[in-house]
Amino acid sequence: MNLINRLLLQCRSGFEKEAAAEITDRCGSVGIYGYCTLNENDGYLFFHIQQEGYAEKAIRELGFHEFIFIRQWMACGDCQRLEREDRVTQIETLIEGFPSCSDLWVEYPDTTDGRELATFSRKFGSALAQKLRKSTFLKKEKPNKALRLILFVLTGSDVYIGYSAVANSAPWPLGIPRLKFPKNAPSRSTLKLEEAWHWFIPKNEWDERLAHGSRAVDLGAAPGGWTWQLVQRSMFVAAVDNGPMQPDLMETGQVNHVQEDAYKFIPDQPVNLMVCDVVDKPIKTADMAADWVINGWCSEAIFNLKLPMKQRYQEVTACFTLIAERFMNAGLGYELSAKHLYHDREEITCLLRIR
């Protein structure tokens with residue numbers, strides 16, 4: 001039997017320490033204690049839990065969607081070495097005693113070396129899932145109760161075997177939505193905003209919260225990567241930037257280019273959405289975003305916080321503390337979501353709105 005005594009946490013390569021600080025804080029807040037082990041740039045780390053049975057408690061009770069730096073997680077045991085001749089049978093033996101699961105994902109580190117395992121993972125996962133369905137280990141469960149069997153492969157032989165709660169984990173393998181870069185978009189930054197919508201806004205709310213014909217402001221818009229996404233949603237956009245916008249965007253008739261300092265701009269009337277991808281101090285951007293929501297200039301705001309090279313987790317904490325203080329002083333409740341997106345680099349993306 002594979003003893004489940006740790007969490008395997010996936011993150012962007014180079015952000016293992018931030019993910020370690022985050023999981024340690026979150027687990028400690030609910031009485032789950034342990035320690036992290038990691039190697040820089042591996043793209044994953046472990047949180048070893050001291051209390052028996054608490055790894056499963058963590059994946060069921062801690063809100064996955066509140067994590068910032070952790071892309072995906074699972075409860076697992078030690079690394080297993082498989083013989084190449086009959087991996088499927090060996091895994092069937094290793095998962096004896098596991099709770100039944102609704103489906104199977106085979107994942108790997110999101111690194112240059114790790115991505116070389118993508119083809120193997122896909123083929124092996126297909127063969128293994130077929131066998132496990134026949135044995136009834138994989139069977140349909142209600143989504144809010146279902147578990148997902150996850151194999152995290154380091155090589156064709158070395159694998160961690162565990163599981164996560166389907167409703168309390170990333171909805172995509174490796175925590176990465178597969179988005180295609182639109183060939184007509186002005187810059188690759190366009191994918192940040194699209195990915196943010198997938199993380200922060202349930203698809204059944206897009207027609208209301210990203211409504212066609214609604215008004216938006218894009219602060220620091222040039223050359224228009226984020227504005228392009230808003231235009232595709234048939235929004236009317238005030239694009240605020242002293243730099244030039246892509247001519248094709250201006251020809252849509254949906255964009256008003258305002259050549260002004262993004263931090264000083266105030267709309268003539270409230271808008272549905274404010275977005276901001278300005279490169280500046282994160283605390284300054286957090287304060288500005290709070291202004292927009294508290295003053296009713298927008299219904300909700302999506303903005304990036306550009307992080308320093310060191311003490312990134314501490315900087316995020318300081319920004320969130322500032323926002324909390326601003327809303328407390330205003331006597332307002334708020335919703336704040338944040339994620340280190342796949343398309344982010346030295347930044348995190350946040351959504352802020354009145355609750």
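Strand S10 and strand S11 (residues 255–258) pair in the parallel sense over four bridges. Two strands count as paired if DSSP finds at least two bridges between them. Helices (H or I, at least four residues) and strands (E, at least two) are DSSP runs, numbered from the N terminus. The bridge partner of alanine 239 is histidine 257 in S11. This is a predicted model: local features need pLDDT of at least 70, side-chain atom pairs count only at pLDDT 80 or more, and totals for chains, interfaces and linings use all residues. Residues are numbered from 1 along each chain as its sequence is written, and side-chain values use heavy atoms, with hydrogens and water left out.

S10 (residues 236–240) also pairs with strand S9 (residues 215–219). Five bridges join S9 and S10, which run parallel. Valine 217 stands opposite alanine 238 in S10. S9, helix H8 (residues 225–232) and S10 form a right-handed β-α-β unit. Right-handed means that, with the strands pointing away from the viewer, the path from the first strand over the helix to the second runs clockwise. S10 is mostly covered, with four of its five residues buried. Buried means under 20% relative accessible area, exposed over 50%, and partly exposed in between (1.4 Å probe, protein chains only).

The structure holds 23 salt bridges. A salt bridge is a side-chain nitrogen of Lys or Arg within 4 Å of a carboxyl oxygen of Asp or Glu. One of them joins aspartate 158 to arginine 81, with the closest N and O atoms 2.4 Å apart. Aspartate 158 lies in strand S8 (residues 158–165) and arginine 81 in strand S5 (residues 80–81), so the pair ties together parts that are 77 residues apart in sequence. Aspartate 158 is buried, at 15% relative accessible area. Arginine 81 is exposed, at 59%.

Lysine 192 forms a salt bridge with aspartate 277, with 3.6 Å between the closest N and O atoms. Lysine 192 belongs to helix H6 (residues 190–200), and aspartate 277 to the loop between strand S12 (271–276) and helix H10 (282–294), so this bridge ties together parts that are 85 residues apart in sequence. Both residues, lysine 192 and aspartate 277, are buried.

Lysine 306 bridges to glutamate 347, the closest N and O atoms being 2.6 Å apart. Lysine 306 sits in strand S13 (residues 298–306) and glutamate 347 in strand S15 (residues 347–354), so parts 41 residues apart in sequence are tied together. Lysine 306 is buried at 14% relative accessibility, and glutamate 347 is buried at 6%. Salt bridges that share partners join Lys192, Asp277, Lys306 and Glu347 into one network.
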